[in-house]
Amino acid sequence: MDLGLDIAASGMVAEQVRQNQLANDLANASTPGFKPDETPQHSFGAVLLANTEGGQAVGSVGEGVALGKTYTNMTPGVLQETGEPLDFAIVGSGFFAVRTAQGVRYTRDGQFTRSAQGVLTEASGNPVLNARGATIKVSAAGTVPATALGVYEVPGAVKQGENLYTGTPAGKPTGTVRQGSLEGSGVDAAKTMIEMITSLRSFQSGQQAIQTIGQTLQEASSQVGSLNVSG
């Protein structure tokens with residue numbers, strides 16, 4: 001493959017990944033406790049330097065854009081006061097735990113409700129758990145004390161969709177629960193829109209580069225053919 005085509009194509013693939021992540025971020029700009037994903041992009045020079053510093057062989061590395069490992073930005077969001085008795089937010093690190101059909105999952109979204117059985121549940125109807133892993137009863141007045149909710153430290157928590165995470169709790173939790181508040185989404189909608197426009201322009205630049213290279217190769221092929229015929 002032509003080197004220019006390879007570089008342009010790798011850049012377009014990287015921007016497609018970025019566009020998908022940004023679109024998902026925008027869709028969750030108002031989802032309580034949502035954390036955006038990020039995938040760093042590295043040039044060939046950066047990859048070469050990183051491998052040189054680590055003392056490892058560079059191996060086979062393309063000259064285009066290299067995608068790093070996707071990670072979730074767990075920076076705590078801004079707390080929003082709602083005054084609702086079943087809205088909770090974690091101040092600091094940690095997760096709420098909920099019991100799903102697939103096992104215990106974790107979330108930063110504290111927008112809870114009362115089930116028909118009088119149990120505290122999250123939006124999908126999964127029961128919220130206390131510090132001992134048991135379900136939590138909602139009082140007849142429709143309230144639950146903040147101290148009833150469990151806070152779990154889950155190092156390296158991995159997204160599972162529906163604003164839920166999986167992982168293994170470890171260590172003593174440091175976060176505290178605040179009632180009548182929700183943690184805002186970690187997405188800055190205005191900034192994300194600007195990044196989407198920038199990413200789209202980068203993708204279009206890659207398209208134009210491929211079209212230009214394709215035309216150049218076609219012209220070169222035609223000229224070579226003409227020379228052979230004349231010879």
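A hairpin of two residues connects strand β7 to strand β8, where strands are DSSP runs of E of at least two residues and helices are runs of H or I of at least four, both numbered from the N terminus. The model is a predicted one, in which local features need pLDDT of at least 70 and side-chain atom pairs count only at pLDDT 80 or more, whereas totals for chains, interfaces and linings use all residues. Residues are numbered from 1 along each chain as its sequence is written, and side-chain values use heavy atoms, with hydrogens and water left out.

Strands β7 and β8 (residues 103–107) pair in the antiparallel sense over five bridges, pairing being assigned if DSSP finds at least two bridges between two strands. Within this arrangement, A97 has Y106 of β8 as its bridge partner. Strand β7 is largely enclosed by the rest of the structure, because four of its five residues are buried; here buried denotes under 20% relative accessible area, exposed over 50%, and partly exposed the range in between, with a 1.4 Å probe and protein chains only.

The largest nonpolar core comprises 16 residues, and F88, F96, F112, L120, V144, L149 and V177 have the most contacts inside it. The elements that contribute two or more residues to this core are β6 (88–91) and β7 (96–100). A nonpolar core is defined as a set of buried Ala, Val, Leu, Ile, Met, Phe, Trp, Tyr and Cys residues joined through side-chain atoms within 4.5 Å. When residues up to four places away in sequence are not counted, V177 touches F88, A89, F96, A146, L149 and V151, contact meaning heavy atoms within 4.5 Å. Another core, of eight residues, lies apart from the largest one and includes F95, A97, Y152 and A157.

G167 is located in the loop between β12 (164–166) and β13 (176–179) and is partly exposed, with a relative accessible area of 31%. Although G167 and A157 are 10 residues apart in sequence, their C-alpha atoms are 4.9 Å apart in space. Beyond its neighbours within four places in sequence, G167 is in contact with Y106 and V154.

The largest pocket has a volume of about 420 Å³, and of its 19 lining residues the closest to the centre are L22, D25, P36, E38 and E195. Pockets were identified on a 1 Å grid over the protein atoms alone, as open sets of points with protein on both sides within 12 Å along at least five of seven lines, a lining residue having an atom within 4 Å of a point; grid points are joined across faces, edges and corners, and a volume is the space filled by probe spheres set on the points. At least two lining residues each come from α1, β1 (37–38) and α3 (189–230), with α1 giving the most, at four residues. By class, this lining holds four nonpolar, seven polar and eight charged residues, where Ala, Val, Leu, Ile, Met, Phe, Trp, Tyr, Cys and Pro count as nonpolar, Asp, Glu, Lys and Arg as charged, and the others, Gly among them, as polar. Q21, in helix α1 (residues 3–27), is buried at 16% relative accessibility and, leaving aside neighbours within four places in sequence, is in contact with D37, E38, T39 and T70.

The second largest pocket contains about 300 Å³ of space, and M74, F95, V154, G156 and A157 are the closest to its centre of the 18 residues that line it. Strands β4 (71–72) and β11 (158–161) each supply at least two residues of this lining, which is made up of eight nonpolar, five polar and five charged residues.

How values were computed:
On a 1 Å grid over the protein atoms alone, a cavity is a set of points where a 1.4 Å probe fits but cannot get out, and a pocket is an open set with protein on both sides within 12 Å along at least five of seven lines; lining residues have an atom within 4 Å of a point.
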